[in-house]
Protein chains: 2
Amino acid sequence: MITNEFYSQANHGPFQTYDLGNFTLEDGGTLRGCQLAYATHGKLNKKKDNAILIPSWFSGTSKIFEQAYIGAGRALDPEKYFIICVNQIGNGLSSSPHNTAGPGGMGAFPKVRIGDDVRAQHQLVTEHFGIAELALVVGGSMGAQQTYEWAVRYPPMVKRAAAICGTAKNTDHDFLYTQTLMDAITSDPGWNKGYYASNADVREGLQRHGRLWGVMGFSTEFYKQEVWRGLGFSSVDDMLVNFLDFYFTAMDPNSLLTQAWKWQRGDVSRHTGGDLKKALGRITAKTFVMPIDEDMFFPPRDCKAEQKMIKGSEFRLLKSPCGHLVVTGIDPNFLAQVDEHLKELLAIAV
Amino acid sequence: MITNEFYSQANHGPFQTYDLGNFTLEDGGTLRGCQLAYATHGKLNKKKDNAILIPSWFSGTSKIFEQAYIGAGRALDPEKYFIICVNQIGNGLSSSPHNTAGPGGMGAFPKVRIGDDVRAQHQLVTEHFGIAELALVVGGSMGAQQTYEWAVRYPPMVKRAAAICGTAKNTDHDFLYTQTLMDAITSDPGWNKGYYASNADVREGLQRHGRLWGVMGFSTEFYKQEVWRGLGFSSVDDMLVNFLDFYFTAMDPNSLLTQAWKWQRGDVSRHTGGDLKKALGRITAKTFVMPIDEDMFFPPRDCKAEQKMIKGSEFRLLKSPCGHLVVTGIDPNFLAQVDEHLKELLAIAV
């Protein structure tokens, strides 16, 4: 257990935590006194039918939704909906390697799967809030993986689903990309099999990890059109250092590894013996599949193939030269597109 | 200076070497007794107007052209043409860090640019062979960078040019990708600033470098369609280990770094004060610009933008689910397309 001030209420709050008790994981581990961190916006109505759940993506927290996606008059409107932004296990706010006391923390933190997160979130939503149906589950990237898992695992409960730049079953290519992210960290001698005194000991590995995001997380057009200028950077190097390095070197290496391992194995067909069509056939939610045109590792055609397996679903292509990382909110035009699609989805009677 | 049996006549021969003497480089270094390794196929005719020059790509040698591209009845037909396959400086056969004696070898090997290679090749072609014009210069990837450099630097000499999956001016995105390849190697403590006893000391770094090729060198469709099965592999892991690891861990780390540094800086606009249009405007060769549809770092639209700046040039899109690495000859259908376009190009009177 070590201190990392990045994961503080000051940086990511206000957020609450829910004690899941001893939470047993798919792969056999147990998180004792597992904490699920979450933030809510708006009020749950009396019928308890206005709840929206937003799971977090890789390296992200609940805070980014408050900052970029939620607001009065927008699709995710706290004046109409009760919005629960939940932090995935291992993301640094919920139970994670660096904040877990005892022998099961740091390098011994157990393997967590997307399915574990969704069971944990189900417990929060049903036991803590007493909610029986969700008006919408929406998430980007690993948040989309969790969204699909929700829609397949608890069909009657999910009325609408929106999967932004993510897949229901991770691809071999994406698995390999994620492995390079992990290898960039674990190859740093400072990582020391997960037992370091500070994330600063793994600075070089975290930096290399961030640079891989620079290649695959944006797009060739992001650089060609010099989109980074509009973000306030004076050069590509300035952007790499003061955006990607700044962002990722502050994080906990084991947290990123826990999430990456989980990301690699996102796959709803685990419920159906590997039959993806059968798994997606279980979905009853009105579903929008929303990939990003320039995404280099969740390409639209992969998402399209899955969309075709979901009854009544719609394919809604989002456009931005930024590529995958636009999901962090760096392109207002992208956010406007998301809002438009989500408003339409929320207006559909189900 | 160390021994690496990968770069042997047994593996890459037969090849000859030409002594360039003391070759002074653009960035100020001098390669003393610089050796340029090359292989020829076919015979130079009396008019000396049937010569074709093929520069090598990153990590490749002259051998691959003999194996995959040259043959009777094919576009690159040794019964019609005198074909010179030349190894770029630093590629392990020509003068390179590991085979350079004295203080200027290994980690102190000087910086080499695309322009240096083309000057060296010009010396070989004119002084050694007495050739005043080339019927065709054709190359893939870094070979395309050299092809563009030839066409801009020596316009009257280059009658035809074919740039396969490469650019005249490297992009910021591609620079960053190449940097991750380099960082994967230099982050291995065994690299030791370029002073290792054997490439085996850098095995992990070379392997990480190879895995990045796995992500960016192929394409998402290569994995989605499981194209690797047709190459004789039983799983993605089998392919990664017995193709990419096998290929790259045999190589010399400093050699890859020398080539990567050169690749990052490929830019014909160095001749025109940064004006790419002006540089490409110098080209008088009949030029085919031939990107690969699924290429993740030399994308067709980047090549298209350059093609538009070259008078009388044609855009010829090559198709393969393999992505960039198809250039190594792993897709017969791709090779057939290349042959067809090159035959057409060679048939054009200039």
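Predicted model: local features only at pLDDT ≥ 70, side-chain atom pairs only at ≥ 80, totals over all residues.
## How the two chains are related

Two copies of a chain are, in general, related by a rotation about an axis and a shift along it. In this model, chain B is superposed on chain A by a rotation of 180 degrees with 0.0 Å of shift along the axis, and the RMSD is 0.0 Å. The two copies are thus related as by a two-fold rotation axis.

## Where the chains meet

Contact between the chains involves 23 residues of chain B and 23 residues of chain A. On the side of chain B that touches chain A, the elements giving two or more residues are H5, H6 and helix H7 (220-224) of chain B. Of these, H5(B) provides the largest share, which amounts to seven residues. Sorted by class, that side of chain B holds nine nonpolar, seven polar and seven charged residues.

Strands of a sheet pair through backbone hydrogen bonds, either parallel or antiparallel. In chain A, eight strands form an open sheet with mixed pairing, and their order across the sheet is S1-S4-S6-S5-S7-S8-S9-S10. At the edges of this sheet stand S1 and strand S10 (314-315) of chain A, each having a single partner strand, so one side of each is left without a neighbour in the sheet.

Within this order, strand S8 (residues 160-164) of chain A runs parallel to strand S9 (residues 286-290) of chain A, and five bridges join the two. One residue of this pairing is A:Ile164, whose bridge partner in S9(A) is A:Met290.

In chain B, strand S9 (residues 286-290) can be followed residue by residue. In a regular strand the side chains alternate between the two faces of the sheet. In S9(B), B:Lys286, B:Phe288 and B:Met290 point one way, while B:Thr287 and B:Val289 point the other way, and all are buried. Because five of the five residues of S9(B) are buried, the strand is largely enclosed by the rest of the structure.

S9(B) is joined to strand S8 (residues 160-164) of chain B by five bridges, and the two strands run parallel; in this pairing B:Arg160 stands opposite B:Lys286. S9(B) also pairs with strand S10 (residues 314-315) of chain B, again in parallel, through two bridges, and here B:Val289 stands opposite B:Phe315. Between S9(B) and S10(B) the chain crosses through helix H11 (residues 300-307) of chain B, and this β-α-β crossover is right-handed.

## Helix H9 of chain A

Helix H9 (residues 253-264) of chain A has twelve residues, which at 1.5 Å a residue should span 16 Å, and this agrees with the 16 Å between its end C-alpha atoms.

Among the buried residues are A:Pro253, A:Leu256, A:Leu257, A:Ala260 and A:Trp263, together with A:Asn254, A:Gln259 and A:Lys262. The cover over the buried residues of H9(A) includes helix H3 (114-128), helix H4 (142-153), helix H5 (172-186) and helix H6 (203-216) of chain A.

## Backbone details in the loops

A cis peptide bond, with omega about 0 degrees, joins A:Gly13 and A:Pro14, and A:Pro14 lies in the loop between helix H1 (9-12) and strand S1 (16-19) of chain A. In chain B the peptide bond from B:Gly13 to B:Pro14 is cis, with omega near 0 degrees, and B:Pro14 is placed in the loop between helix H1 (9-12) and strand S1 (16-19) of chain B.

The loop between helix H5 (172-186) and helix H6 (203-216) of chain B contains B:Asn192, which has a positive phi of about 55 degrees although it is not a glycine. B:Lys193 is found in the loop between H5 and H6 of chain B, and its phi, near 55 degrees, is a positive value in a residue other than glycine. B:Asn192 is partly exposed, with 15 other C-beta atoms within 10 Å, whereas B:Lys193, with 9 C-beta neighbours inside 10 Å, counts as exposed.

Technical notes: Residues numbered from 1 in each chain as written. Chains lettered and ligands numbered in written order. Helix = DSSP H or I, 4+ residues; strand = E, 2+ residues; numbered from the N terminus. Expected span 1.5 Å × (residues − 1). Buried ≥ 20, exposed ≤ 12 C-beta atoms within 10 Å, placed from the backbone. Contact = placed C-beta atoms within 7 Å. Pairing = 2+ DSSP bridges. Right-handed = clockwise from strand over helix to strand, strands pointing away. Least-squares fit on C-alpha atoms with pLDDT ≥ 70 in both. Nonpolar A, V, L, I, M, F, W, Y, C, P; charged D, E, K, R; others polar.
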